[in-house]
Amino acid sequence: MNAPLIIFFVLAAMCVIGAISLILQRHPIHSALSLIVVMVALAGLYLLMGAEFVAAVQIIVYGGAIMVLFVFVIMLLNAGLEERTNFSKLAGFAGVPLAVALTGLLAAAVARSQDTVQAATQTGATAPTKALANLLFQDFVYPFELTSFLILVAILGAIVLAAPRGES
Amino acid sequence: MIDFLTQQAAAHAEILITLAKIIILLFVVLTVNAYLTWFERKVVAHIQSRWGPHRVGPHGLLQPLADGLKFLFKEDPTPAGVDKFVYYLAPLLALALALTSIAVIPFGPNPLHFKGHDIYLGITDLNIGVLALFAITALGVYGVALAGWSSNSKYPLLGGLRSSAQMVSYELALTMSVVGVLLMAGSFSLREIIDGQATAHGLFGWGGIFRWNIFAGPFPQILGFLCFFIAAVAETNRVPFDLPEAESELVAGFHTEYASFKFAMFFIAEYTSMITVSCLCSILFFGGWLSPFPASWTFTHYLPSVLLIPFGLWVIWDGMRYETIFGKLILPGVGAVITALGAAFLLFPAVNEFIQGPFWLLSKIFVFLFVYVWMRGTLPRFRYDQLMSFGWKLLLPVSLANVVLTASALLWSNR
Amino acid sequence: MVPTHYYLILSAILFGLGVVAFVFKRNIITIFMSIELMLNAVNLAFVAFSQALNKLDGQVFVLFVIVVAAAEAAVGLGIIIMTVRNRQTLNVESVNLLKL
C-alpha cells in the first residue's frame, strides 16, 4: 500500500462519486459541478501518470473553458429542477446489481490479461513537454493543422447559430 | 515519547518541512493582504488630498485589525431562495484558488541549510509552473459565476455573468502574452525562467537590468509585459476594469448578497490575486530576484541596509513626536526592530547574501502593487462594451503579434 | 506504481456511468454533459496506455480529443440554445415533432 496507490484510490473514488452525482442530481448546475470535480480528479490522475502537460491542458481547456460554457448556458437558459422520471423500480432493483456484476466480470477479465500490457517502468522522460511538442509539430502536424481549421469552423458555426434573428 | 516523535519527524522530514512552509506562507500572505488594504486606502486617500485611516492605531496601522473584527462579528444573513450549496461554495472556491496560486511562486534562489535538509524558499517548483498558474486562474471564473447565479437576484446575476465573461475574454490575452517569455526561456518552470534571465543576452550587451526579459535580446518583451499587465488587471476585476463590481453601476455586482465573512473571502481572494499577479510580473518580465545592477557591482549588496537603517531611524523619530501615547510607545519599537534588521544585514555577510534575492523580489512586488493602487486612485472605469472590444480587438491581436515577432526574432538570431 | 488495468477499469466504469446518464436523464444539457464524461473516460484510457507503452502518442491524441470536444461543445450548446428558443423547454422528450 504505497503512496501512489493510495492517491490513485482517492482520486478514483472522487471520479466515480462525481459521475454518480452527475446522474443522481436533479438540478443541472449541480450536475455541472459534479462533472468539474470529475475533471479535476482526472487531471490529478494524469499527473500521477506523469502526463503533466495533459493535466494542465485538461484543467485549462476542459475545466476552465468548456465547463464554464456549460455553466453559462445553464444560467442563461434558466434551467430548473428536473421532473421526477418514472422508470420502474424493477429496473433499479434488478439492473444495478447486474451492472455491477458485469463490470466486475470485465474488470476481472482485464486484470487477468496482464501479460499483454505490463505496468510501465518509470517513464524516463526528463522533459515530456518538449518531447510532446516535438511529436505534435513533426509527426502529427497534419492533424494539428486540421484541428485548428476545425476550431475555426466551430467558431463560425457557434456565431451563426447564436446570432440574434433578423441580422445579416 | 519525545524520542518517538523526533524519530518520526526525521523520517518524514520532507513532508513536515513543506507543511511548515505552507503554514508560514499562509500567515504571511494573509497579513500582507490585510496591510495591502491599509496601503491602498492610504495611497488612494493621499491621491485625493485626504488622509485615509489615521485614527485606529498610529497612522491607521491597526485599521486592518478593526476591519477583520468587523467582518467576524457582523451579521451574516442568507437571502431566501438561494441555492444553499452553491451559495456557500462560491466564496470558498474563490479563496481556495487564490491562495493556492501562491504555492508555485519561488521567493529566493538560495536554499536555507537546516540540519542536512535544503529548504528552498517557495513551497514547490513545478515543471509546468506557469501552466499551473493559468489553470488556477481558469478555475477562478467559477467563483464569480456561481456567486452571481446562486444569489437569486438580478444585480448579482448580471454582475456575475458580465464579470465571468470579462475574465474568460482576458484570459486568452493573458496566456498569449506570456508565450513570448516562455519562448525565450524554453521552460515553464518559474525558477528556470529567472535563471534564464540571469544569463540572457542583454540589450546592447549590457548587464544587470538589461538582461531582464523586458529588455533582453533578441526581442524585448515590452509589448508582452503591457498586454500581460493590462489583461491581469482585467482578470482580477480591478480598476479600470471593475465595472461588474462597481458600486455606482450594479450595487456591488456579484457579491451584493454576500455579507460579513463571505464577502471578506471574496475580498481576500481579490487582493491575493493582485499579489500573485505582481509576483508573476516581476518574475516573468522583470528578473524576479535578480538585482538591476550588474553582478560585478558588489557594493550594491549593502542597499537593503542602506534603505532600512534610515527608514527605521525615521520611524523612531516620528514615533517620539506622535500625538497619541499608544503611538509614542509602538512606533519607536517598530522603528527599533527595522533599524536592528538593517544593522544585522550589515554585520552578518552570510545573511546579507541570502536576503539579496528576496529583497529585490519583494521590492519589485511592492512596486507593482503600488502601480495597481495608483491606477485605482487615478483612472476612470471602462464601459462594458468598451472593455470587451478592447480585450478581443486590441489586446488579443497585439499579444499574438508579440508571439510571432518573438518567435521570428529567436529564429533569426539562432540561424 | 499503479498497475495499468486499474486505470482501464476506472475508465470503463466512468464510460458506463456516462452511458447511464445519457440514457436516463431528460434535461438536454445533462445529456450533453454525459457525452463529455464519456470523452473524459476515453482520455483516461489513452493516457494510461501511453504510460504503459512508454510512448507519447497517446498524450498527443488526448490533446486532439480535448480540442475536438471543445469545438463540439461550442457548436452543440449553440444548437441547444436554438432548440430551447424554439420549443421553450429543456426536456428532450418534448422535441418530438417528427414522431409518427
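Analyst: Happy to. pLDDT is the predictor's confidence in each residue, from 0 to 100. This is a predicted model, and chain A averages a pLDDT of 84, with 85% of the residues scoring at least 70.

User: Where in chain A is confidence lowest, and where is it highest?

Analyst: Helix α4 (residues 89-112) of chain A has the lowest, at a mean of 80, while helix α2 (residues 28-48) of chain A has the highest, at 94.

User: How is chain A divided into domains?

Analyst: Domain 1 covers 1-81 and domain 2 covers 129-168. The C-alpha centres of these two domains of chain A are 24 Å apart.

User: What makes the length of helix α2 (residues 28-53) of chain C agree with expectation?

Analyst: At 1.5 Å a residue, its 26 residues should span 38 Å, and the end C-alpha atoms are 38 Å apart, so the two agree.

User: Why is α2(C) called mostly covered?

Analyst: A residue counts as buried if 20 or more other C-beta atoms lie within 10 Å of its own. In α2(C), 19 of the 26 residues are buried, hence "mostly covered".

User: How do you know that chain B is as compact as a globular protein of its length?

Analyst: Chain B has 14 helices and 2 strands. Its radius of gyration is 23 Å, close to the 22 Å from the globule rule for 415 residues, so chain B is as compact as a globular protein of that length. Of those 415 residues, 41% count as buried.

Terms used
Residues are numbered from 1 along each chain as its sequence is written. Chains are lettered from A and ligands numbered from 1 in the order in which they are written. This is a predicted model: local features need pLDDT of at least 70, side-chain atom pairs count only at pLDDT 80 or more; totals for chains, interfaces and linings use all residues. Domain bounds come from an automatic or database domain assignment. Helices (H or I, at least four residues) and strands (E, at least two) are DSSP runs, numbered from the N terminus. The expected span of a helix is 1.5 Å times one less than its number of residues. A residue is buried if 20 or more other C-beta atoms lie within 10 Å of its own, exposed if 12 or fewer, and partly exposed in between; C-beta atoms are placed from the backbone. The radius of gyration is taken over C-alpha atoms; the globule rule is 2.2 Å times the number of residues to the power 0.38.
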